[in-house]
Amino acid sequence: MAQKPLEGAQLVLMTIALSLATFMQVLDSTIANVAIPTIAGNLGASNSQGTWVITSFGVANAISIPITGWLAKRVGEVKLFLWSTAAFAVASWLCGMADSLGMLIFFRVLQGIVAGPLIPLSQSLLLSNYPPAKRSIALSLWAMTVIVAPICGPILGGWISDNYHWGWIFFINVPIGAVVVMLALQTLRSRETKTEIRPIDTVGLVLLVLGVGCLQVMLDQGKELDWFNSTEIIILTVVAVISLLALLVWELTDDNPIVDLSLFKSRNFTIGCLSISLAYMLYFGSIVLLPQLLQEVYGYTATWAGLASAPVGIIPVILSPIIGRFAHKLDMRRLVTFSFIMYAVCFYWRAYTFEPGMDFAASAWPQFIQGFAVACFFMPLTTITLSGLPPERLAAASSLSNFTRTLAGSIGTSITTTLWTNRESMHHSYLTESITPFNLNSQETYRQLEQLGMTQQQASAYIAQQITNQGLIISANEIFWASAGVFVILLVLVWFARPPFGSGSGGGGAH
């Protein structure tokens with residue numbers, strides 16, 4: 001017999017606990033990004049070695065997310081959620097205490113592994129303990145934390161590393177974790193889900209760790225090692241492809257798969273998963289590209305680059321509860337269509353406004369308007385993805401869709417940063433062709449710079465720097481153009497989903 005949904009204060013406290021857990025985990029995947037130079041310098045390592053602080057967390061996290069469904073069945077969702085939160089807080093404290101890069105990376109791996117179940121479980125516990133009519137509100141509130149946390153991450157990370165010891169980037173999770181455990185114990189202790197002892201799928205687990213681990217390291221290190229010109233990258237790619245193909249075959253034939261691929265038989269799950277992953281790939285790629293562009297070309301500090309990206313979180317905070325309230329009257333596909341149109345508009349807008357003399361407002365406005373797109377993105381797509389699935393499959397479905405989304409985010413980051421530098425080199429060589437003694441414009445530029453008191457060498461260095469900046473801006477604009485185009489194509493995909501879109505209620509839903 002299903003338990004009665006929570007009500008009143010208990011419902012509010014549970015929502016706070018689950019949203020905070022999500023916030024803490026998503027925050028942690030972006031907070032260290034801007035602090036890498038500080039951390040690496042402090043621990044006597046190079047910046048490229050420092051990026052392992054991000055990579056190690058991403059790899060461990062990507063491996064542990066898909067196992068959540070199986071683990072939840074084995075030990076119970078509530079118990080797994082509580083243990084994961086407590087372990088995450090402890091691992092965060094250890095990260096902050098690390099006094100060498102090796103130690104920090106080891107604790108980050110630990111942190112990534114225990115963080116895996118937090119997002120899928122916060123999603124499935126929210127849905128299974130909310131009254132059916134209020135599920136869309138629950139998902140809106142949950143989605144809000146997923147949106148706001150990646151934006152707070154760089155600002156908070158930049159501010160902490162500029163003003164305090166970098167360890168506070170990790171210590172910040174300890175009090176949050178303690179609050180989550182206390183609130184969850186109070187509201188969910190007596191609401192444990194049904195458990196069953198299933199044999200562990202060892203072959204599937206080994207193939208998953210190998211395949212996803214190699215894929216994630218390949219994506220993170222590819223740009224640094226010049227992709228397929230590096231033997232290491234080729235070996236990682238081959239191992240990843242073989243392992244993942246073997247995993248696919250094995251999981252479809254095994255009686256107790258560790259990753260439940262049969263979920264893809266549900267049309268809405270497949271379309272929702274594909275849409276949310278591809279859209280998140282483009283969105284996350286731009287979250288990474290924008291601060292780098294502002295810092296490298298426009299000379300912004302880490303904190304200011306974070307602030308220029310931040311306006312994207314304003315509208316979702318205001319709109320999410322409203323959308324959630326009226327969601328049961330709306331066709332989710334229409335909300336997603338509006339979202340994708342707004343994404344395309346904002347990417348086109350950026351491609352037009354990014355130029356050398358651009359001010360702060362020109363970078364902040366498209367971010368602010370993109371908030372409309374983000375507000376109508378996570379909740380409707382999550383609802384479509386989980387629609388028509390029985391409650392006992394929610395944890396597995398949520399972990400699988402979060403896994404594909406997280407992986408798509410990593411792929412988006414790699415593609416974006418690689419394209420950005422490769423296209424810059426191409427534009428650089430193209431633009432330098434016109435800098436010759438026979439070109440009247442270039443002679444005039446040299447003459448004007450020399451009148452300003454520059455030597456011939458200084459003028460050449462200044463022009464070279466301008467060309468690099470131009471190349472970086474043009475290549476970023478090309479990425480914005482392409483992203484807008486993909487969003488227009490994605491519009492069509494969403495309309496293949498079939499209503500009704502009640503979240504996790506065996507095809508019914510919010511009435």
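Leu307 is partly exposed, with a relative accessible area of 33%; the classes used here are buried for under 20%, exposed for over 50% and partly exposed in between, computed with a 1.4 Å probe on protein chains only. The model is predicted, so local features need pLDDT of at least 70 and side-chain atom pairs count only at pLDDT 80 or more, while totals for chains, interfaces and linings use all residues. Residues are numbered from 1 along each chain as its sequence is written, and side-chain values use heavy atoms, with hydrogens and water left out.

Leu307 sits in helix α15, residues 302–309. Helices here are DSSP runs of H or I with at least four residues, strands are runs of E with at least two, and both are numbered from the N terminus. Setting aside residues up to four places away in sequence, Leu307 touches Ile155 and Phe360, where contact means heavy atoms within 4.5 Å. Leu307 and Ile151 are 156 residues apart along the chain, yet their C-alpha atoms are separated by 8.5 Å.

Gln370 belongs to helix α18, residues 360–375. Its relative accessibility is 1%, so Gln370 counts as buried. What is Gln370 in contact with, leaving aside its neighbours within four places in sequence? The partners are Tyr283, Val312, Tyr343, Cys346 and Arg350.

Two packed helices are described by the angle between their axes and the distance between the axes. Axes are lines fitted to C-alpha atoms, for helices over the stretch in contact, and angles run from 0 to 180 degrees between N-to-C directions. Helix α14 (residues 267–296) and helix α17 (residues 332–353) pack at about 30 degrees, with axes 12 Å apart. That angle makes α14 roughly parallel to α17; angles under 35 degrees count as roughly parallel, over 145 as roughly antiparallel, 65 to 115 as roughly perpendicular and the rest as oblique. The crossing of α14 and α17 is left-handed, a term for a near helix turned anticlockwise from the far one by less than a right angle, with clockwise being right-handed. Ala, Val, Leu, Ile, Met, Phe, Trp, Tyr, Cys and Pro count as nonpolar, Asp, Glu, Lys and Arg as charged, and the others, Gly among them, as polar.

Helix α6 (residues 77–97) packs against helix α8 (residues 118–129) at about 140 degrees, with the axes 10 Å apart. The angle makes α6 oblique to α8, and their crossing is left-handed. The contact is made by Glu77, Val78, Leu80, Phe81, Ser84, Thr85 and Phe88 of α6 and by Leu118, Leu121, Ser122, Ser124 and Leu125 of α8. Its classes, for α6 with α8, are seven nonpolar, four polar and one charged residues.

Leu126 also lies in α8. With a relative accessible area of 1%, Leu126 is buried. Apart from its neighbours within four places in sequence, Leu126 is in contact with Met14, Thr15, Leu18, Leu121, Ala138 and Trp142. Leu126 and Leu419 are 293 residues apart in sequence, and their C-alpha atoms are 39 Å apart in space.

Leu419 takes part in the contact of helix α20 with helix α22. Helix α20 (residues 394–432) and helix α22 (residues 456–494) pack at about 130 degrees, with axes 8 Å apart. This makes α20 oblique to α22, and the crossing of α20 and α22 is right-handed. Among the α20 residues in the contact are Trp420, Arg423 and Glu424, and among those of α22 are Ile467, Gln470 and Leu472. The contact of α20 with α22 has nine nonpolar, eight polar and three charged residues by class.

The cysteines remain. The structure holds zero disulfides, a disulfide being a pair of cysteine sulfur atoms within 2.5 Å. The closest cysteine sulfur to that of Cys376 is in Cys346, 12 Å away, too far for a bond. Cys376 counts as buried at 4% relative accessibility, and Cys214 counts as buried at 13%.
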